[in-house]
Amino acid sequence: MRFQQVRGIVDWAADFHRRLAHQYSAMARQTEDERQRMALEYLAEHEHQMQRGLARYLKDGGEHRHVLDTWF
């Protein structure tokens, strides 16, 4: 069994959402269908919001430090 700190898991999740947003944006640029492009752009923005929200927990070290340093 592998143990990680919550900080590592949150960092991984933020990076996952960043990569997913990039993929949605790339697909939106490739499609010619306006509805598909709008949906993909919406999904990309949502994933960016998720990434930014998780990144805030990592930057705000003081308030969430004890949780982020917990081993899981």
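Colleague: Does T31 count as buried, partly exposed or exposed, and at what relative accessibility?

Modeller: This is a predicted model, in which local features need pLDDT of at least 70 and side-chain atom pairs count only at pLDDT 80 or more, while totals for chains, interfaces and linings use all residues. Residues are numbered from 1 along each chain as its sequence is written, and side-chain values use heavy atoms, with hydrogens and water left out. Buried means under 20% relative accessible area, exposed over 50% and partly exposed in between, with a 1.4 Å probe and protein chains only. T31 counts as buried, at a relative accessibility of 14%.

Colleague: Where does T31 lie, and with which residues is T31 in contact once its neighbours within four places in sequence are left aside?

Modeller: T31 lies in the loop between α1 and α2, the latter spanning 34–59. With contact taken as heavy atoms within 4.5 Å, and with the neighbours within four places in sequence left aside, the residues in contact with T31 are Q36, R37 and L40.

Colleague: How many helices and strands are there in the protein chain, and which pattern does the chain follow along the sequence?

Modeller: Helices (H or I, at least four residues) and strands (E, at least two) are DSSP runs, numbered from the N terminus. On that basis the protein chain has three helices and zero strands, and the pattern read along the sequence is α-α-α.

Colleague: Why is the protein chain described as more spread out than a compact globule, and what is its radius of gyration?

Modeller: The globule rule, 2.2 Å times the number of residues to the power 0.38, is set against a radius of gyration taken over C-alpha atoms. For 72 residues the rule gives 11 Å, and the protein chain lies well over this, so it is more spread out than a compact globule, with a radius of gyration of 16 Å. Taken along the principal axes, the C-alpha atoms fill a box of roughly 45 × 30 × 10 Å.

Colleague: What percentage of the residues of the protein chain count as buried, and what percentage of its contacts between residues at least 6 apart in sequence join residues at least 24 apart?

Modeller: Of the 72 residues in the protein chain, the buried ones make up 24%. Among the contacts between residues at least 6 apart in sequence, those joining residues at least 24 apart amount to 67%.

Colleague: Which residue forms a salt bridge with D69?

Modeller: A salt bridge is a side-chain nitrogen of Lys or Arg within 4 Å of a carboxyl oxygen of Asp or Glu, and the structure holds four of them. In the one formed by D69, the closest N and O atoms are 2.6 Å apart, and the partner is R7. D69 lies in the segment after α3 (61–68) and R7 in helix α1 (residues 6–30), so the pair ties together parts that are 62 residues apart in sequence. D69 is partly exposed at a relative accessible area of 30%, as is R7 at 28%.

Colleague: Which residues are linked in a network of salt bridges?

Modeller: The side chains of R19 and D15 meet in a salt bridge at 3.0 Å, N to O, and both residues lie in helix α1, four residues apart, about one turn of the helix. R19 counts as partly exposed at 36% relative accessibility, and D15 likewise at 30%. The residues linked in the network are D15, R18 and R19.
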